[in-house]
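Notebook open, viewer loaded. I want to go through this one entry by entry and jot down what I looked up.

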Amino acid sequence: MMPKFIVDKGTCSQCGLCAKDCVANIIDLDSGWPRIPKEKEMACLKCQHCLAICPTAAVSILGKSPSHSTLLQGAFPDPDQLEILIKGRRSVRHYTDENIESGLLQRLLDVACQAPTGENTRQVQLSVIDDKHMMDKFRQHTYDVIEKLANEGKLPEQRKVFANFVYLWRKKKIDVLFRGAPHLLVASVPRNMCSPVHDCVIALSYFELFAQSLGVGTVWDGLVRYAIDELLPGARTKLGIPEEHLIGAAMAFGYPAVHYQRTVENDHSNIVRCPVLL
């Protein structure tokens, strides 16, 4: 995809900030106006730094117009409130039995898609179960398959504990795998990316913090990631995950049935202040 770098000469101040901040160093000012020479277009990283930094909104790229962007000056959240959000984040393991509104869910997914990735490859796929009835079917299917594997003695040694999860579900309706959540989000990415797991974790971290700011609870679900990867044949297909993708992380979410009142007091013993190296 060509960058389609366009400069509005009526508003451009020729300040050169777009060229100075270009990560690929392909914007030049040789003609007096910013431009990307044709022979350098393929080197564009598609980061849109040039669009973001332009003080007069003169730069468009990749078909994106600054008129569709949000101005940042004075719009960032209060740092004290952001600190409380980060410190007050809790894993939620009790949910109400209702769907997240579609508009709210789309807003959450849109924010998760803004997460950074290694080399700006931006190939994280977010597979979401957005309906609680579909989630109930997937939950039941998961426990059925694991129970069958356990009864046939086919659970891998490192996953034999999953038989206990089936027992708790059948006998006590305790849902260890999904925690009763009405929704599931799975992040995957092509295995050949430079940082596949990191990219997935960062995307779900963005999703999680924004979700909790909007009253939506989340829980990281490594058990389900293992189940999809190792125990559930066909689950990837049902979730639309390509075979060449690595599943980096999974997260269950929904409206919480519990509400925490305060932050906790974790210690800081794992902070190391490094001496200056000479």
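**Entry 1: salt bridges**

I started at Arg 170, which is partly exposed because its relative accessibility is 31%. My cut-offs here: buried is under 20% relative accessible area, exposed is over 50%, and partly exposed is in between, with a 1.4 Å probe and protein chains only. Arg 170 makes a salt bridge with Asp 144, with the closest N and O atoms 2.6 Å apart. Arg 170 sits in helix α6 and Asp 144 in helix α5 (residues 132–151), so this pair ties together parts 26 residues apart in sequence. Asp 144 is partly exposed, with a relative accessible area of 36%.

I count a salt bridge when a side-chain nitrogen of Lys or Arg is within 4 Å of a carboxyl oxygen of Asp or Glu. By this rule I get 12 salt bridges.

A note on what I'm working with: this is a predicted model, where local features need pLDDT of at least 70 and side-chain atom pairs count only at pLDDT 80 or more, while totals for chains, interfaces and linings use all residues. Residues are numbered from 1 along each chain as its sequence is written, and side-chain values use heavy atoms, with hydrogens and water left out.

Next I checked Glu 208, which bridges to Arg 89 with the closest N and O atoms 3.1 Å apart. Glu 208 is in helix α7 and Arg 89 in the loop between α3 (79–88) and α4 (102–112), so the two tie together parts 119 residues apart in sequence. Glu 208 counts as buried at 4% relative accessibility, whereas Arg 89 is partly exposed at 25%.

Asp 28 and Arg 35 also meet in a salt bridge, at 3.1 Å from N to O. Asp 28 is buried at 12% relative accessibility, while Arg 35 is partly exposed at 36%.

**Entry 2: the sheet**

In what order do the 4 strands of the open sheet come? I read β3-β4-β6-β5, with antiparallel pairing. β3 (125–129) and β5 stand at the edges with a single partner strand each, so one side of each has no neighbour in the sheet. Neighbouring strands are turned by 25° against each other on average, direction ignored. Helices (H or I, at least four residues) and strands (E, at least two) are DSSP runs numbered from the N terminus, and I call two strands paired if DSSP finds at least two bridges between them.

Strand β4 (residues 183–190) runs antiparallel to β6, and 8 bridges join them. Strand β5 (residues 217–220) pairs with β6 over 4 bridges, also in the antiparallel sense. I picked out Phe 253 in β6: His 183 has this residue as its bridge partner, and Thr 218 stands opposite Phe 253 too. Val 186 stands opposite Ala 250 in β6.

How many of the 10 residues in β6 (residues 245–254) are buried? I find 9, so the strand is mostly covered.

**Entry 3: helices on the sheet**

Helix α7 (residues 196–213) lies across β3, β4, β5 and β6, at about 15° to β6. Helix α8 (residues 222–231) packs on the sheet as well, touching β4, β5 and β6, and its direction makes about 135° with that of β6. For these, axes are lines fitted to C-alpha atoms (for helices over the stretch in contact), angles run from 0 to 180 degrees between N-to-C directions, and contact means heavy atoms within 4.5 Å.

Most residues other than glycine have a negative phi, and most peptide bonds are trans. I flagged Lys 46, not a glycine, with a positive phi of about 60°. Lys 46 is in the loop between α1 (17–21) and α2 (49–53) and is partly exposed at 33% relative accessible area. Lys 173 has a positive phi of about 55°. This residue lies in the loop between α6 (162–172) and β4, and Lys 173 counts as exposed at 56% relative accessibility.

**Entry 4: whole chain**

I logged 9 helices and 6 strands. Buried residues make up 38% of the 278 in the chain.
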